[in-house]
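Good morning, and thank you for coming. Please look at the sequence and the structure as I bring them up, and follow each residue as I name it.

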Amino acid sequence: MTSPILSIKNLAVSFNTFEGEAKVIDHINLDVGEKETVGLVGETGCGKSVTLKTILGILPIPPGKVTNGQILFGDKNLLTLPTKELCKLRGRGISLIPQDPLVSLNPVFTIKAQFLDLAMRQGEEHVSRINYYRKKLNKKQTQQVVKKIITMLQKVQIPDPERVLEYYPYQLSGGMAQRILIAISLIGSPRLLLADEPTTALDVTVQKQIITLLKKIAEDSNLSMLYITHNLGVTRKIAKRVYIMYAGQIVEMGNVREIFNEPLHPYTSGLINALPKITREKFNGIDGTIPDYVHPPKGCRFYPRCPSADESCKNQRPVMIEVKENHFVACRLFQEGR
Amino acid sequence: MSEVPLLDIRNLKVYFPIYQGLLKKEVGTVRAVDNVSFNIKKGGLFGLVGETASGKTTIAKTILGVVHPTSGEIRFKGEKISHLNDESRRKLTSKMQMIHQDTSSSLNPRKKVGELIKVALDIHRIGTAVERLDEVSRMLQYVQLPPENFLSKYPAALSGGQKQRVAIARALILKPEVVVLDEPTSALDVSVQAKILNLLTKLKKEFNLTYLFISHDLSVVLNMSDTIGVMYLGELVEVGGSEDILVNPMHPYTRALISAIPVISEKERNILPKVPPLRGEIGSAINPPTGCRFHTRCPYAKEKCARERPNWVQINEKHTVRCYLVQRF
Amino acid sequence: MGKTNYSTKLISCRAYLESFFRGIYVIRKNTLAIVGIGVFLSLLLMCIFAPWLAPYPEDAGDAIHLSQSFKSPSMLHILGTDQMGRDIFSRITFGGRNTLLAGLIIPLVGASIGCTLGLIAGYIGRRIGSVIMRTTDVFLSIPPLIIALLVIGVFGPSLKNIIFALSIVWWPWYTRLVHGEVISLREETFVESSRLLGAKSTRTMFSEILPNAIPPIIVKITLDIGYAILNAAALGFLGLGVLPPTPEWGLMVSQGRLYLPSIWWITTFPGIFIFLAVFSINLIGDGLRDLLDVEVM
């Protein structure tokens, strides 16, 4: 593997709450390679969004705090980077495709206004009023940017981009809004895209269109992408490699097809069994609920819900081991078997 | 017909007028549901599938009397229920219940689980205070929530799945005959969704229920229902047994829906029909397309589709479809 | 059965305790609210125990000691004496009873009238709603003190009449607030579910909607206690409130103003107490806002 563009090393994040310290992210490791699309799959409350916020440096501190680890983007550690530097990276180095397209656009400005602001202010932590209007009133510069925006909109396959630019967000359908947000995230020509469940709010037929589009864009512009979702099927369509996350820990990592055809971790196989399949096989959920983060199980965090758990799982934390080539799993079952 | 269907919906139309301006002038209508007919036999499970804004929820609300139909009728056990007054409607509530999609707002955040469920009995004055409490505990056991742990919890302390279980217990405590499930699991995680779906199947047998299952997720509906109706922009486009719909989908929209299911195994992928991707997105119900409403997105649309609305074509006893394409087969 | 009841009670007891401690946690984060509670409680206690605290209880009435008049604060009279030679501290402790009573009763009466009307207007809507809301608008468009002056003019000045007068100018704000809350709550799914279960509108209104509209009402009541005290004091200052020699903070300020600025203590100390009461109540209101927000989450 080439050196990764994003590398999360031993990251631990916790929150101070009334009950005590909630250890929400528990020492995770995650790599996104150059030009690679990686899936991060997990259910509600498993820490996906916290991971994402930590990467972008928008975790609310306090109550949150990073207790351990590094997030390397290239050779820079995002956790220790000064805000000024971080602002330069946001949008240009790393950019985000948010989850809910219609809520993510400001309803009182036209698409054009929002695009222009972003395109012109990107990379600066603070723009003075004077500079802002100077830039905005510079017709020549503005026209250039608009031209760039229009090519961007064509890239995300929006019909009639000139007209769409004059629209207000309420005039857009969900799919259109998501395309525009993708275009906005691409305007600073980033190297890494963070996609936060970009298709969850959309209908399946539109979801299919957006996934195809994202795949094409990633290929065309040599982007790396971290695709965060709870939908296994979508992950299979878009990513090559996938991390399965449970209760703030990475439990399994490997090639998408391999994991979905032969899941090793009991949680992964539980998830796959829970999906209603069109072959109309029986499906079954996983008992119990996600553990309490203030007093998580001492050993494997999945232990209380695991059908194949035994005493040793209770106290010993499993480590990630490579079971097959590039297929890692954190489970005692496979440590003993070897 | 030998048997009177439990729930019979005939030519149902629900239009909402749009008012604008100071004088509240009517400027148009939203044709949320347009000429929909289907029926559900006792003990049946009818699945209604469609994308956002296809009118599924409006149908559910019309059946339950929250929304009044513009025309057409709804019959329950052969009796017309679509134009009842409030008092007769209230009597019907114990026969028909609904489970909402949004687990977080369907339970009053300021009431404890016990009160939330008991309220149904209070309203209909069933049993004494002690009997009511017993019944609540029994219902909680049915939905697999130990009453001693849950009776005095507030909804905020429950997970999404637990909230939905409470909602189910509350709906079933009145021993209804028909339950309308409006996307009961779309706000839940898959591992929880499976649990809830299996619970619903189990309860259906135990309480001898009839379900109208509404969802945008075809893979769920295919697994749950015996009959499926596919809706597009306020109209039904295809109705059939779930086997027919899966193996032999006739309408191009049904095919597109099935092919867009994000599946995970090779085996499933082989079943999926191979179809060209759809153009665009679902239109608006304010000025729906003429003719077949799907023609603007249909990869096979002909000129005729834009002009005239196709009629129903019977494929087999249960399977009917509304598309010109089929007539050529 | 008895056993289950017992255990259920235990559990609910535990739940209450937990929410109580959670409340303390939230409040503790808010130091200012703690200060507010502390100050307001001590004021309340001071007024309740006035007969024991006051060094010269008889001064609260119409006692006259002309030899003692206009004494500046000293060990004998810690806050000095007024023109009649009455001990100011004693009068403050007794006067607070009237001032705080007015401050507590006015918003409560106003809120109960206003909330009921707002609830009806918001939930039933249509014509009744319009009538209620337009009446409210009319009341809101007239300065409240003018109406209050009118009422007192008709019925004559006394503590009871102040409370009555201010209560009837106070309700429109609550109607507005509750009306807005109800309109947004009416669309919630749980309100629809309640109707689907067959509940009648009165049940839906009082048992589903009202409990959810209560937090903003409580916050507004606490904040209004401050305003009510100020308004009662203002009426007292105008001589339309409590009649002398009954002590009342606003009246005390008003009577002392003739001797300003040289004899400053007659006005300043009651003024400080009015300020303390209003300020502490406002701090409590802010704290409550945080507390009640958390509970809904």
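L210(C) has a relative accessibility of 19% and therefore counts as buried, where buried means under 20% relative accessible area, exposed over 50%, and partly exposed in between, with a 1.4 Å probe and protein chains only. L210(C) is found in helix α9 of chain C; helices (H or I, at least four residues) and strands (E, at least two) are DSSP runs, numbered from the N terminus. What does L210(C) touch, not counting residues up to four places away in sequence? L210(C) touches L119(C) and M205(C), contact meaning heavy atoms within 4.5 Å. F21(C) lies 189 residues from L210(C) along the chain, and their C-alpha atoms are separated by 25 Å.

A word on conventions. This is a predicted model, in which local features need pLDDT of at least 70 and side-chain atom pairs count only at pLDDT 80 or more, while totals for chains, interfaces and linings use all residues. Side-chain values use heavy atoms, with hydrogens and water left out; residues are numbered from 1 along each chain as its sequence is written, and chains are lettered from A and ligands numbered from 1 in the order in which they are written.

Now to chain C as a whole. Chain C has eleven helices and zero strands. Its C-alpha atoms fill a box of roughly 75 × 50 × 35 Å, taken along the principal axes. Of its 297 residues, 47% count as buried. Among contacts in chain C between residues at least 6 apart in sequence, 73% join residues at least 24 apart.

How are packed helices described? One gives the angle between their axes and the distance between the axes. Here axes are lines fitted to C-alpha atoms, for helices over the stretch in contact, and angles run from 0 to 180 degrees between N-to-C directions.

Consider helix α7 (residues 159–185) and helix α9 (residues 201–237), both of chain C: their axes come within 10 Å and cross at roughly 155°. That makes α7(C) roughly antiparallel to α9(C), because angles over 145 degrees count as roughly antiparallel, under 35 as roughly parallel, 65 to 115 as roughly perpendicular and the rest as oblique. The contact of α7(C) with α9(C) has 18 nonpolar, two polar and three charged residues. In these classes, Ala, Val, Leu, Ile, Met, Phe, Trp, Tyr, Cys and Pro are nonpolar, Asp, Glu, Lys and Arg are charged, and the others, Gly among them, are polar.

The second pair is α9(C) with helix α10 (residues 249–256) of chain C, packed at about 40° with axes 7 Å apart. These two helices are therefore oblique to each other. From α9(C), the contact takes A233(C), G236(C) and F237(C); from α10(C), it takes G250(C), L251(C), V253(C) and S254(C). Those residues divide into four nonpolar, three polar and no charged.

Finally, chain A. Q178(A) is placed in helix α8 of chain A, and counts as buried because its relative accessibility is 0%. Beyond its neighbours within four places in sequence, Q178(A) is in contact with residues including I97(A), P98(A) and L202(A).

The largest nonpolar core has 100 residues, and F115(A) and L226(A) have the most contacts inside it. Such a core is a set of buried Ala, Val, Leu, Ile, Met, Phe, Trp, Tyr and Cys residues joined through side-chain atoms within 4.5 Å.
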